[in-house]
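Hello,

Here is the structure I promised to pass on to you. Please open it alongside this message, and my notes follow below.

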Amino acid sequence: MIYNVAQLMKAPVGTSQVNDFHEDDFQAGDDIQVVGPLDGHVRMRRTNQGLLVDGRVDLTLQLECNRCLKVFEQPMHIPFEEQFYPTVDVVTGLPLPPFDEEEIFPIDSHHELDLTEAIRQNVLTALPMVTLCQEDCKGLCSQCGHDLNLGPCECQPVIDTRLSVLEKLLQNGSQS
Ligand SMILES: [Zn+2]
Ligand SMILES: [Zn+2]
């Protein structure tokens, strides 16, 4: 996912270049397991200051259900749009003043643009706050730990427990 954009940086504003990419071993982060390859499509457009880069990536993540703790595979289709600014002048090769805007990615001194970090950040942003194996996952029995998606367990509902939880909530509420 590294592109040499020297020619594009010399081209007039509005010039664009499109690429498809494929990455067999994409690392999204320590806690995130990527299953299989990542595929993507990117368009890089020359702007006044640099390049506007947009596109999409398709990949599959291995997530853990927040309710039943089952590990499942979640296909993701993630659109992205980022700005890349040059760090050296493409004609003179002289270093450019650092840009102080945030959320801008650098084009390195060899005029190479690396999409990896931009895509990694977009994958993290696209992660759902709550991950569920299915929308109506029934979760685990709080008493025996049985996966209730597989059917009911033998446990009797314990009314007392629920009441004591309610009591605690009420107590906490009156204390604060
Ligand atoms: Zn689940
Ligand atoms: Zn149970």
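**Overall shape**

The protein has a radius of gyration of 25 Å, whereas a compact globule of 176 residues would have one near 16 Å (the radius is taken over C-alpha atoms, and the globule rule is 2.2 Å times the number of residues to the power 0.38). Its C-alpha atoms fill a box of roughly 80 × 40 × 25 Å along the principal axes.

Before going further, a word on conventions. This is a predicted model, in which local features need pLDDT of at least 70 and side-chain atom pairs count only at pLDDT 80 or more, while totals for chains, interfaces and linings use all residues. Residues are numbered from 1 along each chain as its sequence is written, and chains are lettered from A and ligands numbered from 1 in the order in which they are written.

The protein is divided into domain 1 (2-126) and domain 2 (138-176), with bounds that come from an automatic or database domain assignment. The centres of the two domains, taken over C-alpha atoms, are 45 Å apart. Of the 176 residues, 13% count as buried; here a residue is buried if 20 or more other C-beta atoms lie within 10 Å of its own, exposed if 12 or fewer, and partly exposed in between, with C-beta atoms placed from the backbone. Among contacts between residues at least 6 apart in sequence, 52% join residues at least 24 apart (two residues are in contact if their C-beta atoms, placed from the backbone, lie within 7 Å).

**The sheet**

There are 3 helices and 7 strands, and along the sequence they follow the pattern β-α-β-β-β-β-β-β-α-α. Helices (H or I, at least four residues) and strands (E, at least two) are DSSP runs, numbered from the N terminus.

Five of the strands make an open sheet in the order S2-S3-S4-S5-S6, with mixed pairing (two strands pair if DSSP finds at least two bridges between them). Strand S2 (16-23) and S6 are at the edges with a single partner strand each, so one side of each has no neighbour in the sheet. From one strand to the next, the twist averages 25°; axes are lines fitted to C-alpha atoms, for helices over the stretch in contact, and angles run from 0 to 180 degrees between N-to-C directions.

S3 and S4 run antiparallel and are joined by 11 bridges. They form a hairpin with 4 residues between them. Along this pair, Val34 stands opposite Leu61 in S4, and Gly40 stands opposite Val57 in S4.

S4 and S5 also run antiparallel, joined by 14 bridges. Leu63 has Phe72 in S5 as its bridge partner. The hairpin of S4 and S5 has 6 residues between the strands, and Leu69 takes a positive phi near 70° in it.

**The helix on the sheet**

Which residues of helix H2 (residues 116-126) are buried? They are Ala118, Ile119, Asn122 and Val123. Seen down the axis of H2, these buried residues fall within an arc of 135°, so they line one face of the helix; the arc is that of the directions from the helix axis to the C-beta atoms. They pack against strand S4 (51-64), strand S5 (71-86) and strand S6 (104-107). On the face of H2 turned away from the buried side are the exposed residues Glu117, Leu124 and Thr125.

**Single residues to look at**

Arg43 is in strand S3 (residues 33-46). Arg43 is partly exposed, because 14 other C-beta atoms lie within 10 Å. Leaving aside neighbours within four places in sequence, Arg43 is in contact with Ser16, Val18, Asp54 and Gly55. Asp20 is 23 residues from Arg43 in sequence, and their C-alpha atoms are 8.9 Å apart in space.

Two loop residues other than glycine also have a positive phi. Glu103, with phi near 60°, lies in the loop between S5 and S6, and Glu103 is exposed because it has 8 other C-beta atoms within 10 Å. His111, with phi near 60°, lies in the loop between S6 and strand S7 (112-114). With 19 other C-beta atoms within 10 Å, His111 is partly exposed.

Best wishes
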